[in-house]
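I'm opening my notebook on a new protein. I'll write down what I look up as I go.

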Amino acid sequence: QRSTMSTLTLFGSSISSLSHSVQMALDLLNLKYTYIEVNIHEGGTQTPDFLSLNPHQSVPVLVDSNLIITESSAAITYLVSQYSPSNLYPECGATKRSQIDQRLQFNIGKFYKRMGDCVYPFCLGKTVNIDSEKIEALKECLMWINQMTVGGYVLDSSMTIADLAFLSTMSTLEACNLLDLSPYKNLQVWLDGMKKQVPNYENNCKNGAAEFGNWFQENYKANKTRVVERKDVYKEDTENDEGKSDETYIVTETVSNISSSDYASSTDYTFSASDDGSYTPVRYTPVGDHGSYTPVSIPLDGVDKEPVAGQRKGGAALARQTMMIVAPALGSIPLLKQ
């Protein structure tokens with residue numbers, strides 16, 4: 001016998017995408033709850049009262065009577081299981097639930113983490129440059145998600161709680177305006193559809209994502225200004241000091257090249273996406289004097305064994321590309337569908 005009386009309280013933050021996913025789940029399930037805003041900018045997660053709930057100092061925290069849940073994925077699976085069992089997280093069918101669990105863990109362990117690796121150091125003033133390898137890792141995630149959403153949802157052709165988790169992360173990434181998302185066509189169709197289907201999306205997710213995006217952009221602009229000023233100083237010093245190495249100026253030029261438009265205009269995706277969500281792996285051939293790369297298609301019936309001159313981490317990249325083609329296909333093998 002499941003409880004029909006809700007005593008739910010959600011401690012969250014307007015700029016926390018993980019909080020957004022729990023808020024969307026609560027409203028999607030039409031559950032009554034009390035929301036308490038935690039001001040993480042002013043140490044709200046470090047107060048004695050909050051630490052008594054979650055010593056990990058993170059939001060969201062869902063409280064249901066004496067039960068305290070401190071992880072967003074666990075919170076939304078609990079809400080469906082306890083209050084409204086449905087296809088969002090099926091009560092019966094271990095296979096379907098395990099697939100949803102995989103998507104939830106992918107969101108936290110891959111998608112959210114890789115987005116965070118790019119934006120959080122910038123927001124917290126810990127860097128003036130987003131490492132290109134982190135950008136490429138995030139693009140790789142987006143390509144995987146583009147493939148996942150070929151059926152219209154994150155998993156197959158119906159909404160699950162995994163869609164809510166992905167939607168919260170994706171909305172924040174979109175608000176940061178860090179990457180050009182237009183190449184990911186399946187993802188865009190899914191994103192547009194989810195925004196319309198989820199109740200109170202604007203209040204529970206969009207507005208908070210926009211707030212986070214503004215935080216990122218403000219820090220980006222401030223850091224970019226400081227870097228440009230530093231570059232000008234180095235340039236002046238180099239011109240006035242014949243003994244100073246030109247290398248310093250070159251480095252500051254590289255550091256200052258961090259605008260989102262530069263990343264958006266890049267075409268060196270690990271995979272080229274077609275309209276139906278299929279992919280063609282690419283390798284990179286160096287051109288010019290500065291090691292820029294041009295994508296070259298690799299035939300699917302074989303791969304050259306000779307390494308490409310100047311290719312960075314070619315073996316590992318090729319292995320990842322091969323697995324991204326092979327892994328999704330494994331699900332179609334009858335013996336693996338149980």
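First, a term I need: a disulfide is a covalent bond between the sulfur atoms of two cysteines. To count as one here, a pair of cysteine sulfur atoms has to lie within 2.5 Å. I also remind myself that this model is predicted.

How many disulfides does a search of the whole structure find? I got zero. I then looked up Cys176, where the closest cysteine sulfur belongs to Cys123. That sulfur is 6.2 Å away, so it is too far for a bond. Is Cys176 buried or exposed? Cys176 has 0% relative accessibility, so I wrote it down as buried. I checked Cys205 too, and it is buried with a relative accessible area of 0%.

Entry two, the whole protein. I noted eleven helices and seven strands. Of the 338 residues, 42% are buried. The protein exposes about 17800 Å², and carbon and sulfur atoms supply 51% of that. Looking at contacts with a separation of 6 or more, I found that 65% of them are between residues 24 or more positions apart.

I picked H6 (residues 161–176) and H7 (residues 185–197), whose axes come within 11 Å. The axes cross at roughly 105°, so I call H6 and H7 roughly perpendicular to each other. Which residues meet there? From H6 I listed Asp163, Leu164, Phe166, Leu167, Met170 and Glu174. Their partners in H7 are Leu187, Trp190, Leu191, Met194 and Lys195. Sorting the residues of this contact gave me eight nonpolar, three charged and no polar.

Technical notes:
Residues are numbered from 1 along each chain as its sequence is written. This is a predicted model: local features need pLDDT of at least 70, side-chain atom pairs count only at pLDDT 80 or more; totals for chains, interfaces and linings use all residues. Side-chain values use heavy atoms; hydrogens and water are left out. Axes are lines fitted to C-alpha atoms, for helices over the stretch in contact, and angles run from 0 to 180 degrees between N-to-C directions. Helices (H or I, at least four residues) and strands (E, at least two) are DSSP runs, numbered from the N terminus. Angles under 35 degrees count as roughly parallel, over 145 as roughly antiparallel, 65 to 115 as roughly perpendicular and the rest as oblique. Contact means heavy atoms within 4.5 Å. Ala, Val, Leu, Ile, Met, Phe, Trp, Tyr, Cys and Pro count as nonpolar, Asp, Glu, Lys and Arg as charged, and the others, Gly among them, as polar. Buried means under 20% relative accessible area, exposed over 50%, partly exposed in between (1.4 Å probe, protein chains only). Accessible areas come from the Shrake-Rupley method with a 1.4 Å probe; for residues, only the protein chains shown count as cover.
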